Amino acid sequence: MSWKEIESKIIQRRPWPHAVIFDMDGLMYRTEQMIREAWDIVGPDIVGHPLGDEIFHTMGMNRALRVEYFHGKFGMDFPYEKFEKKYKAIVTRKKLTEGIPVQTGLFELLQFLSNEKIPMVLATGSSSGHTYLNLAVTRTPNVFRFVICGDMVRAAKPDPFIY
């Protein structure tokens, strides 16, 4: 049997997606708001005012793109490492003490797709550390064939390379 014949039989058996790619922050978990709040807390110490609204659009960027953006916006002397260390500490502490809000229906969707034997992949612009912490804290079932993080690819979202 040729590959085309095999592929045709698979497509006939399942009229819906052959795989599902999940994003993490905002789609699976409501972590974007946690990060934004931390930026507002740290901002006054770094630039003199809250930063959440001003930089929210950088949420999907990987670290390299975000550093480039911040240096372009606030100048090369912007202490990105200090900023990052402070806001990540706030977010991590909050995740560990308060938990991470999970989007309604996430676990049911993962179970349904798993029961239907539809492969799932997690593709996120977040770092590996952030990603695996979220998976552990939320006790998300281990259903993903692959977990691809922003620090694992040469070009992060919005570039389609991660997909």
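With which residue does the side chain of lysine 94 meet in a salt bridge, and what is the N to O distance?

Analyst: The partner of lysine 94 is glutamate 37, at 2.9 Å from N to O. Lysine 94 belongs to helix 5 and glutamate 37 to helix 2, so this contact ties together parts of the chain that are 57 residues apart in sequence. A salt bridge here is a side-chain nitrogen of Lys or Arg within 4 Å of a carboxyl oxygen of Asp or Glu.

Some conventions come before the rest. The model is predicted, so local features need pLDDT of at least 70 and side-chain atom pairs count only at pLDDT 80 or more, while totals for chains, interfaces and linings use all residues. Residues are numbered from 1 along each chain as its sequence is written, and side-chain values use heavy atoms, with hydrogens and water left out.

Both members of the pair are partly exposed: lysine 94 has a relative accessible area of 24%, and glutamate 37 has 32%. The class boundaries are under 20% for buried and over 50% for exposed, with partly exposed in between (1.4 Å probe, protein chains only).

Lysine 86 pairs with aspartate 45, and their closest N and O atoms are 2.4 Å apart. Lysine 86 is in helix 5 and aspartate 45 is in helix 2, so this pair joins parts that are 41 residues apart in sequence. Relative accessibility is 33% for lysine 86, which counts as partly exposed. Aspartate 45 is also in the partly exposed class, since its relative accessible area is 45%.

Arginine 36 counts as buried because its relative accessibility is 16%, whereas aspartate 40, at 22%, is partly exposed. By the rule above, the count comes to four salt bridges.

The helices that carry these pairs also take part in the largest pocket. Helix 2 (32–46), helix 4 (63–74), helix 5 (80–98) and helix 7 (128–137) each supply at least two residues of its lining. Helix 5 gives the most, with six residues. Altogether 23 residues line the pocket, and Tyr87, Lys88, Ser126, Ser127 and His130 lie nearest its centre. By class, the lining is made up of eight nonpolar, eight polar and seven charged residues; Ala, Val, Leu, Ile, Met, Phe, Trp, Tyr, Cys and Pro count as nonpolar, Asp, Glu, Lys and Arg as charged, and the others, Gly among them, as polar. The volume of the largest pocket is about 420 Å³. A pocket is an open set of points on a 1 Å grid where a 1.4 Å probe fits, with protein on both sides within 12 Å along at least five of seven lines, and lining residues have an atom within 4 Å of a point. The volume is the space filled by probe spheres set on the points, which are joined across faces, edges and corners.

As for the chain around this region, it has seven helices and three strands, in the order α-β-α-α-α-α-α-β-α-β along the sequence. Helices (H or I, at least four residues) and strands (E, at least two) are DSSP runs numbered from the N terminus. The C-alpha atoms fill a box of roughly 65 × 35 × 20 Å along the principal axes. Of the 163 residues, 39% count as buried.

Some loop positions are worth a check of the backbone. Lysine 117 is not a glycine, yet has a positive phi of about 60°. It sits in the loop between helix 6 and strand 2 (120–123) and is exposed, with a relative accessible area of 65%. Arginine 139, also not a glycine, has a positive phi of about 55°. Arginine 139 is placed in the loop between helix 7 and strand 3, and its relative accessible area of 74% makes it exposed. Asparagine 142 is found in the loop between helix 7 and strand 3 (144–148), and at 77% relative accessibility it counts as exposed. From asparagine 142 to histidine 18 the separation is 124 residues in sequence and 19 Å in space, C-alpha to C-alpha.
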